Amino acid sequence: QVRLVMKAHSFIRENVPRVLSSVKDKSSTVPIPRISQYLYFLFAPTLIYRDNYPRNPTIRWGYVATKFAQVLGSLFYAYYIFVRLCIPQVHNSSQETFNLRGLVLCIFNSILPGVLILFLVFFAFLHCWLNAFAEMLRFADRMFYK
């Protein structure tokens, strides 16, 4: 939702001044972006709206399949970490009577698996998922923010 709000803000910030200046100049054509441009912007891995982005001539489907396989691999690895390291901690602590020492041990034993899962989620979404969609949309500017 934060990403969509940021994209909506960028879209409005880029287009409202153009529309207002054309209305103020009483121009015959108002530069309203097409729906296809907005939809492309919604799925493109960028937060800055432009009417046109640099595009690759072809889609490398092998690259897309590799990125989606990496997403699936990351999800399975996160599931493995969760099942092997997190669930036994919570299961063991639920069978004992509640005490502060057990709670602290459970939390500290779950920190490393939690950080590993967080890294996997960042890798899967920010690297793999967004690069796969960038390739499918033929988005050529991978170093846009540099």
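**Salt bridges and helix packing in a predicted model**

A search of the whole structure finds 3 salt bridges, a salt bridge being a side-chain nitrogen of Lys or Arg within 4 Å of a carboxyl oxygen of Asp or Glu. Before I go through them, please keep in mind that this is a predicted model, in which local features need pLDDT of at least 70 and side-chain atom pairs count only at pLDDT 80 or more, while totals for chains, interfaces and linings use all residues. Residues are numbered from 1 along each chain as its sequence is written, and side-chain values use heavy atoms, with hydrogens and water left out.

Let me start with Arg 50 and Glu 14, whose closest N and O atoms are 3.5 Å apart. This pair links distant parts of the chain, since Arg 50 is in the loop between H2 and H3 and Glu 14 is in helix H1, 36 residues apart; helices here are DSSP runs (H or I, at least four residues), numbered from the N terminus. Arg 50 has 36% relative accessibility and counts as partly exposed, a class that sits between buried, under 20% relative accessible area, and exposed, over 50%, with a 1.4 Å probe and protein chains only. Glu 14, at 32%, is also partly exposed.

The next salt bridge joins Asp 51 to Arg 18, with the closest N and O atoms 2.6 Å apart. Asp 51 lies in the loop between H2 and H3 and Arg 18 in helix H1, so this pair ties together parts that are 33 residues apart in sequence.

What is the distance between the closest N and O atoms of Glu 135 and Arg 60? It is 3.0 Å, and the two form a salt bridge. Because Glu 135 lies in helix H4 and Arg 60 in the loop between H2 and H3, the pair ties together parts that are 75 residues apart in sequence. Glu 135 is buried, with a relative accessible area of 1%, whereas Arg 60 is partly exposed at 44%.

Now to the packing of the helices. Helix H3 (residues 61-95) and helix H4 (residues 100-136) pack at an angle of about 165°, with their axes 9 Å apart, where axes are lines fitted to C-alpha atoms, for helices over the stretch in contact, and angles run from 0 to 180 degrees between N-to-C directions. That makes H3 roughly antiparallel to H4, the word used for angles over 145 degrees. The residues of their contact divide into 25 nonpolar, 8 polar and 2 charged, counting Ala, Val, Leu, Ile, Met, Phe, Trp, Tyr, Cys and Pro as nonpolar, Asp, Glu, Lys and Arg as charged, and the others, Gly among them, as polar.

How values were computed. Helices (H or I, at least four residues) and strands (E, at least two) are DSSP runs, numbered from the N terminus. Angles under 35 degrees count as roughly parallel, over 145 as roughly antiparallel, 65 to 115 as roughly perpendicular and the rest as oblique.
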